[in-house]
Amino acid sequence: MKVIIIEDEKPSARRLQRMLDAIDIKTETLLHSVEEAIHWFNNNQHPDLIFLDIQLSDGLSFEIFDEVEVKSAIIFTTAYDEYALQAFKLNSIDYLLKPIDDEDLETAVAKYKTRLPEKTNIALDFDDIKKLLVNPIEREYKKRFSVKVGQHLKLVNIDDIECFYSENKGTYLYTSEGRNYLLDTSLEALEKELEPQTFFRINRKFFVNINAIKDMVSYTNSRLQIKLNNYNEDEVIVARERVKDFKNWLE
């Protein structure tokens, strides 16, 4: 199986390459920009499978397909989990949210293998997807959540929520009043419901509200520790793979 990775952050590309090596999949090529990818596709046999980052250093990776007819299967990799990622499920094999998890990677690769020897054609409507990525503010996001308190239902406004977090297979919201409430949903479902300029998924466990951040401190292994106004039940750490995107989000 011929596999390539297109990812602008070289450490992330090498990390994914090591993860694929661990499941006996050898990566032939690492590419890091739209321009480099177009040149490579024009001069090489196309691979069976591409791991494709959505945002590259010189533009959206969809621009590659404006110049080259690529017939490879695609597994998208992205940190933009707040957007309508169901669009990528049309004819792509799967998508992986950064930081990529070993189990998620194995599942995506296994899903690809089950489709062999079927021929995979790219038929995504890239224009519609680009509109979702470029203009996310046009989407409707949750304004409030209903939570159960005993036999009663309580409404919690989105502005009063400091963070969302997962614990013991449950998903909770934590309010500026220092209360936490169990939700009947998952962090994955919240990705499509939270306004991306206000909430950011800093790791697999936490979404934080930008208005609730009190302090940010350098942490081990090039990570960041977040101090929220009231939440102090656990350390809130920005995963190393998300630090760059987190800093961009802050601006």
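**Strand pairing and charges**

The bridge partner of S166 is T171, in β11. The model is predicted, so local features need pLDDT of at least 70 and side-chain atom pairs pLDDT 80 or more, while totals for chains, interfaces and linings use all residues. Residues are numbered from 1 along each chain as its sequence is written, and side-chain values use heavy atoms, with hydrogens and water left out.

That bridge belongs to the pairing of β10 (residues 161-167) with β11 (residues 170-175), which is antiparallel and has 6 bridges. Strands (E, at least two residues) and helices (H or I, at least four) are DSSP runs, numbered from the N terminus. Two strands pair if DSSP finds at least two bridges between them. Strands of a sheet pair through backbone hydrogen bonds, either parallel or antiparallel.

β10 and β11 are part of an open sheet of 5 strands, with antiparallel pairing and the order β12-β11-β10-β14-β13. At its edges stand β12 (180-183) and β13 (199-201); each has a single partner strand, so one side of each lacks a neighbour in the sheet. From one strand to the next, the twist averages 20 degrees. Such angles run from 0 to 180 degrees between N-to-C directions, with axes fitted as lines to C-alpha atoms (for helices, over the stretch in contact).

A second open sheet has 3 strands in the order β15-β16-β17, again with antiparallel pairing. Its edge strands, β15 and β17, each pair on one side only. Here the twist averages 30 degrees from one strand to the next. β15 (residues 213-219) and β16 (residues 223-228) run antiparallel and are joined by 6 bridges. In β16, L228 is the bridge partner of I213, and Q225 is that of V217. The hairpin of β15 and β16 has 3 residues between the strands, and N221 takes a positive phi near 60 degrees.

Another hairpin is made by β8 and β9, with 2 residues between them; G150 in its turn has a positive phi of about 65 degrees. β8 (residues 144-149) and β9 (residues 152-157) run antiparallel, with 6 bridges. V149 has H152 in β9 as its bridge partner.

Now the charged side chains. The count is 8 salt bridges, a salt bridge being a side-chain nitrogen of Lys or Arg within 4 Å of a carboxyl oxygen of Asp or Glu. One of them joins D104 and R204, whose closest N and O atoms are 3.1 Å apart. This pair links distant parts of the chain, 100 residues apart: D104 is in helix α4 (residues 102-114), and R204 is in the loop between β13 and β14 (206-209).
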